[in-house]
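Here are my notes on this one, jotted down as I went through it. Have the structure open while you read.

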Amino acid sequence: MIRSTVVQRLYSQDGDQIVVLHTAFKDWRLYTSFAIGFPDSSNRPHSDRAEQARRALLVTANEIKGHSYQEAFVRSPFAALISIHSALSASSHGDAVFFLCADQATLDAVADALKINGASPATSWLLS
């Protein structure tokens, strides 16, 4: 079972939000975040918001020593739950996992699958 709580919320100048989550998965507690973007191997630079989300995740996770960091690319809304489960299963307690989402629909599916406490299905993350 996956459950997440917002531990840090930032707002860009245009009002979009960036969140860092404390995610419970199995017996582990991990830090997660997500944004629209593509892996480094795609030769596309991260958007400013994706880079801000990645940095916020790393700063928050660095407060816990001994963590590792990984990025997981989620290609479609249909792949969200499987991609999240796979990435979290490959992690350990205290690790940081950053989900790069192919588009807004995928990002919304990732946010839903992370089961963010207090977020309604109508929450718009707009993290492009």
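1. Start with leucine 88, which is buried, at a relative accessible area of 0%. Keep in mind that we're looking at a predicted model. The cut-off for buried is under 20%, so leucine 88 qualifies with its 0%.

2. Where does leucine 88 sit? You'll find it in helix α2, which covers residues 80-89.

3. What does leucine 88 touch, once neighbours within four places in sequence are set aside? The contacts are Ile2, Thr23, Phe25, Trp28, Leu30, Thr32, Val97 and Phe99. Take tryptophan 28 from that list: leucine 88 is 60 residues from it in sequence, yet the C-alpha to C-alpha distance is 9.1 Å.

4. Helix α2 also pairs up with helix α3 (residues 104-113), their axes coming within 9 Å and crossing at roughly 55°. That angle makes α2 oblique to α3, and the crossing is right-handed.

5. Who meets whom there? From α2 it's Ala80, Leu81 and Ile84; from α3 it's Ala109, Val110 and Ala113. By type, the residues of this contact are six nonpolar, with no polar and no charged ones.

6. Zooming out, the protein has three helices and five strands, running β-β-β-α-β-α-β-α along the sequence. Of the contacts with a separation of 6 or more, 64% are between residues 24 or more positions apart.

7. Last, burial and surface. Of the 128 residues, 45% are buried. The accessible surface is about 6700 Å², and carbon and sulfur atoms account for 52% of it.

How values were computed:
Residues numbered from 1 in each chain as written. Predicted model: local features only at pLDDT ≥ 70, side-chain atom pairs only at ≥ 80, totals over all residues. Heavy atoms only, no water. Axes fitted to C-alpha atoms, helices over the stretch in contact; angles between N-to-C directions. Helix = DSSP H or I, 4+ residues; strand = E, 2+ residues; numbered from the N terminus. Parallel < 35°, antiparallel > 145°, perpendicular 65-115°, else oblique. Left-handed = near helix turned anticlockwise from the far one by under 90°. Contact = heavy atoms within 4.5 Å. Nonpolar A, V, L, I, M, F, W, Y, C, P; charged D, E, K, R; others polar. Buried < 20%, exposed > 50% of the residue type's maximum accessible area, 1.4 Å probe, protein only. Areas by Shrake-Rupley, 256 points an atom, 1.4 Å probe, with all protein chains shown as cover.
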